[in-house]
Amino acid sequence: MDKAQQDALKKAAGIEAAKLIRSGMIAGLGTGSTVRFLVDELGRRVKEEGLEFTGVTTSRRTQEQAEGYGIKIVDIDDVDHIDVTIDGADEVDKNFNGIKGGGAALLWEKIVATNSNKIVWIVDESKVVDTIGKFPLPVEVIPFGAGQVIKKFESRGYKPVLRLDAEGQPVRTDENNYVVDLHLERIDHPEDLAEDLITTVGVVEHGLFLHMVDQVIVGDPNGPRVMTNSNK
């Protein structure tokens with residue numbers, strides 16, 4: 001699938017997901033290429049249909065895009081609930097376990113998601129897999145002692161790689177931390193791995209989003225389809 005086809009599927013999923021937002025809602029807006037299409041569509045509805053809602057964003061770049069459309073964005077600590085959060089995902093499997101953080105926004109994404117009444121992911125069909133792990137698992141780590149954390153990950157066989165930008169400098173998250181990507185190929189026991197990562201001193205958060213998502217809207221060549229998590 002070429003990028004134009006993939007973008008068309010992402011856009012269709014984003015437009016479909018935008019239908020979940022109604023006036024008066026407080027909505028979490030995620031980060032990434034698919035969410036950009038969602039925010040574009042919400043911006044259109046604000047302008048053309050008079051949609052009025054409040055947004056909480058998972059990154060500064062989503063905030064800037066939304067505010068450019070006149071969408072009201074507030075701080076997460078200024079709301080008492082979030083009706084629904086719509087975000088992308090880098091991988092999602094049939095058990096509704098996902099990997100997020102390809103865009104280095106996993107910490108804010110997880111904070112917003114865990115404070116939401118409903119979580120919806122929008123993806124193109126290439127992101128739906130049998131077992132997660134092919135996509136390198138992002139782990140957000142404090143810069144101080146990051147090299148020691150990477151050594152620990154190496155000794156556990158996690159194949160860690162410090163994420164670098166185009167200039168060869170470590171990528172910084174919105175909280176100014178580093179991202180270490182674990183090249184695991186497949187994750188058969190995600191709960192055990194999640195526990196191991198979050199209890200490693202120096203790790204702030206990891207990109208395993210387990211048992212969290214309620215619905216996944218998949219951009220499919222035949223039109224968007226919805227996967228519903230019956231365990232939620």
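Author: We can start with a single residue and its surroundings. Asn177 is in contact with Glu140, Val141, Ile142, Pro143, Val171, Arg172 and Val204, leaving aside residues up to four places away in sequence. Keep in mind that this is a predicted model.

Reader: Where does Asn177 lie in the chain?

Author: Asn177 belongs to the loop between β10 (160–162) and β11 (178–182).

Reader: Is Asn177 buried or exposed?

Author: The word buried is kept for residues under 20% relative accessible area. Asn177 counts as buried because its relative accessibility is 8%.

Reader: How is the chain divided into domains?

Author: The domain assignment gives domain 1 as 3–127 + 210–224 and domain 2 as 137–204. On the side of domain 1 the contact takes 15 residues, and on the side of domain 2 it takes 14 residues. The centres of the two domains, taken over C-alpha atoms, are 25 Å apart.

Reader: How much area do domain 1 and domain 2 bury between them?

Author: Buried area is what two parts lose on being put together, summed over both. For domain 1 and domain 2 the figure is about 1,100 Å², with 60% of it on carbon and sulfur atoms. Within domain 1, the residues that lose the most area to domain 2 are Ala104, Leu107 and Leu210, which together make up 39% of what that side buries.

Reader: How many salt bridges and polar contacts cross between the domains?

Author: A salt bridge needs a side-chain nitrogen of Lys or Arg within 4 Å of a carboxyl oxygen of Asp or Glu. By that rule, one salt bridge crosses the interface of domain 1 and domain 2. Five residue pairs are in polar contact across the interface of domain 1 and domain 2. Helix α4 (residues 106–114) supplies the largest share of the side of domain 1 that touches domain 2, namely three residues. That side of domain 1 consists of six nonpolar, seven polar and two charged residues.

Reader: How many salt bridges does the structure hold?

Author: The structure holds 16 salt bridges. One of them joins Asp174 and Arg60, whose closest N and O atoms are 3.4 Å apart.

Reader: How should I read a salt bridge within a helix?

Author: Look at the spacing in sequence, then at the accessibility of each partner. Glu48 and Arg44 form a salt bridge at 2.9 Å, N to O. These two residues are separated by about one helical turn because they are four residues apart in helix α2 (residues 33–49). Glu48 is exposed at 57% relative accessibility, and Arg44 is partly exposed at 29%.

Reader: Which parts of the chain does the pair Lys100 and Asp87 link?

Author: The side chains of Lys100 and Asp87 meet in a salt bridge of 2.9 Å, N to O. The pair links distant parts of the chain, 13 residues apart: Lys100 is in the loop between β6 (98–99) and α4, and Asp87 is in strand β4 (residues 84–87). Both Lys100 and Asp87 are buried.

Reader: What about Asp196 and Arg156?

Author: Asp196 and Arg156 make a salt bridge of 3.1 Å, N to O. Asp196 lies in helix α6 (residues 190–198) and Arg156 in the loop between α5 (146–155) and β10, so the pair ties together parts 40 residues apart in sequence. Asp196 is partly exposed, with a relative accessible area of 24%, and Arg156 is partly exposed at 34%.

Methods: Residues are numbered from 1 along each chain as its sequence is written. This is a predicted model: local features need pLDDT of at least 70, side-chain atom pairs count only at pLDDT 80 or more; totals for chains, interfaces and linings use all residues. Side-chain values use heavy atoms; hydrogens and water are left out. Buried means under 20% relative accessible area, exposed over 50%, partly exposed in between (1.4 Å probe, protein chains only). Contact means heavy atoms within 4.5 Å. Domain bounds come from an automatic or database domain assignment. Buried area is the accessible area (1.4 Å probe) that two parts lose on being put together, summed over both. A polar contact is a pair of N or O atoms within 3.5 Å; within protein, one must be able to donate a hydrogen and the other to accept it, and residues adjacent in sequence count only if both atoms are side-chain atoms. Ala, Val, Leu, Ile, Met, Phe, Trp, Tyr, Cys and Pro count as nonpolar, Asp, Glu, Lys and Arg as charged, and the others, Gly among them, as polar.
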